[in-house]
Amino acid sequence: METIHEGGCLCGGVRFRTRGRLRGVIFCHCSQCRRQSGHFVAATSASDAGLTVETGPHLAWYAASADARRGFCRTCGSLLFWKQEGTDTTSIMAGAFDRPTGLAGASHIFVADKGDYYEICDGLPQFTDDETPVAVARD
């Protein structure tokens with residue numbers, strides 16, 4: 001049986017569905033994620049072939065760097081996607097999924113850039129930008 005997950009933005013203007021396995025949740029503490037979300041980002045990823053997005057005029061993309069763009073709802077502002085150019089996967093914000101998600105944390109990345117107002121104490125692996133085990137955009 002194929003695994004299906006659904007989710008969307010706060011106002012419902014963007015809905016998505018994934019088919020197939022999702023990656024464990026990566027917590028990104030880079031300065032771009034912190035500035036866009038107001039904290040760190042928690043994201044899983046799905047293959048582009050297994051991702052269907054229903055948006056109407058609501059989905060907008062922001063080119064955060066030459067290598068990646070961030071998808072959000074232009075109506076309610078919900079951060080939904082992160083897409084590195086030239087890859088066949090899309091990162092999806094874990095909090096945008098309907099429950100139950102079945103997701104679990106996998107690791108923290110860009111921990112050297114984390115905010116100075118919190119500690120990471122969950123026991124998951126932590127990586128600096130030079131050690132990051134997943135595809136990321138480089139400035």
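Q: Which residues have the most contacts inside the largest nonpolar core, and how many residues does this core have?
A: In this predicted model, where local features need pLDDT of at least 70, side-chain atom pairs count only at pLDDT 80 or more and totals for chains, interfaces and linings use all residues, the core has 25 residues, with the most contacts made by V14, F16, L80, F81, I92 and M93. Such a core joins buried Ala, Val, Leu, Ile, Met, Phe, Trp, Tyr and Cys residues through side-chain atoms within 4.5 Å. Residues are numbered from 1 along each chain, and side-chain values use heavy atoms, without hydrogens or water.

Q: Which element gives the most to this core?
A: Strand 8, with 4 residues; strands 3 (25–28), 4, 7 (68–73) and 9 (89–93) also give two or more. Strands are DSSP runs of E, at least two residues, numbered from the N terminus.

Q: Does F110 count as buried or exposed, and why?
A: Buried means under 20% relative accessible area and exposed over 50%, with partly exposed in between (1.4 Å probe, protein chains only); F110 has 10%, so it counts as buried. F110 follows strand 10, and its phi is near 55°, a positive value in a residue other than glycine.

Q: What makes the lining of the second largest pocket nonpolar or polar by class?
A: Its lining has 10 nonpolar, 5 polar and no charged residues. Among these 15 residues, L79, M93, A94, G95 and A96 are closest to the centre. Strand 4 (41–47) and strand 8 (79–84) each supply at least two lining residues.

Q: How is the peptide bond from R99 to P100 classed?
A: It is cis, with omega near 0°; P100 lies in the loop between strand 9 and strand 10 (105–109).

Note on methods:
On a 1 Å grid over the protein atoms alone, a cavity is a set of points where a 1.4 Å probe fits but cannot get out, and a pocket is an open set with protein on both sides within 12 Å along at least five of seven lines; lining residues have an atom within 4 Å of a point. Ala, Val, Leu, Ile, Met, Phe, Trp, Tyr, Cys and Pro count as nonpolar, Asp, Glu, Lys and Arg as charged, and the others, Gly among them, as polar.
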